[in-house]
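Dear colleague,

Please find below the structure that I am handing over to you, together with its sequence. I would be grateful if you kept it open while reading the notes that come after it.

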Amino acid sequence: MLATDRGLLHWRAMRSLGDRGLAEHAVQETLLRAWRACADFDARKGSVRTWLLAIERNVVVDIVRARAVRPIDVGFDDLAELVPCGRPDFADGLVDGLLVDELLARLPEPQRAAVVEVILRDRGYREVAEDFGVPVGTVKTRVHYALRSLRQLPEVA
């Protein structure tokens with residue numbers, strides 16, 4: 001697994017769960033489930049990344065359901081002693097968003113639009129292809145080449 005795959009898993013978990021700790025838990029649980037089910041992986045059905053994202057989707061659903069049954073009793077006011085300013089720092093989320101915007105700006109418009117719809121908005125290839133009025137293979141190709149070009153960029157510290 002590439003570092004970009006782990007980063008994508010973490011980013012999607014953060015987007016879905018809104019909590020860094022839960023996102024890390026979701027990524028770890030995803031990798032654990034993938035390890036346990038590695039014999040079930042079928043490369044004819046898709047890439048490892050697609051398989052991991054499907055596992056992560058199930059993990060996130062499980063986490064959300066578990067939290068709905070056992071809601072948190074602690075609010076921000078209760079954490080005022082632990083967090084110096086009394087509120088969590090949202091700068092990390094802002095920086096992540098700016099980084100994603102900067103990376104997307106480097107892509108040609110057709111690739112950027114495909115990545116936004118398929119990856120960021122978590123829509124299916126067929127649905128996006130219908131909206132764009134192009135074949136499904138075209139959307140898959142655009143996403144593939146966009147992600148490939150993003151992987152070739154120097155790592156951001």
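This is a predicted model: local features need pLDDT of at least 70, side-chain atom pairs count only at pLDDT 80 or more; totals for chains, interfaces and linings use all residues.

I begin with helices α2 and α3. Their axes come within 9 Å and cross at roughly 130°. The crossing of α2 past α3 is right-handed. On the α2 side, the contact is formed by L22, H25, A26, V27, E29, T30, L31, R33 and A34. The α3 side contributes W51, L52, I55, E56, N58, V59, V60, D62, I63 and R67. By class, the residues of this contact comprise 11 nonpolar, 3 polar and 5 charged.

T30 is buried, with a relative accessible area of 0%. Leaving aside residues up to four places away in sequence, T30 touches L9, L52, I55, E56 and V59.

The second pair consists of α5 (residues 109-120) and α6 (residues 125-132), which pack at an angle of about 140° with their axes 9 Å apart. These two helices are therefore also oblique to each other, and their crossing is right-handed. A113, A114, E117 and V118 of α5 meet Y125, V128 and F132 of α6. This contact has 6 nonpolar residues, no polar residues and 1 charged residue.

Just after α5, D122 takes a positive phi of about 55°.

Finally, I turn to the largest nonpolar core, which has 29 residues. Which members of this core touch the most other members? They are A26 and I119. The elements giving two or more residues to the core are α1 (3-17), α2 (20-36), α3 (48-69), α5, α6 and α7 (136-151). Apart from residues up to four places away in sequence, I119 touches L8, W11, R12, R15, A114, V143 and L147. Of these, A114 also belongs to the contact of α5 with α6.

With kind regards

How values were computed:
Residues are numbered from 1 along each chain as its sequence is written. Side-chain values use heavy atoms; hydrogens and water are left out. Axes are lines fitted to C-alpha atoms, for helices over the stretch in contact, and angles run from 0 to 180 degrees between N-to-C directions. Helices (H or I, at least four residues) and strands (E, at least two) are DSSP runs, numbered from the N terminus. Angles under 35 degrees count as roughly parallel, over 145 as roughly antiparallel, 65 to 115 as roughly perpendicular and the rest as oblique. A crossing is left-handed if the near helix is turned anticlockwise from the far one by less than a right angle, and right-handed if clockwise. Contact means heavy atoms within 4.5 Å. Ala, Val, Leu, Ile, Met, Phe, Trp, Tyr, Cys and Pro count as nonpolar, Asp, Glu, Lys and Arg as charged, and the others, Gly among them, as polar. A nonpolar core is a set of buried Ala, Val, Leu, Ile, Met, Phe, Trp, Tyr and Cys residues joined through side-chain atoms within 4.5 Å. Buried means under 20% relative accessible area, exposed over 50%, partly exposed in between (1.4 Å probe, protein chains only).
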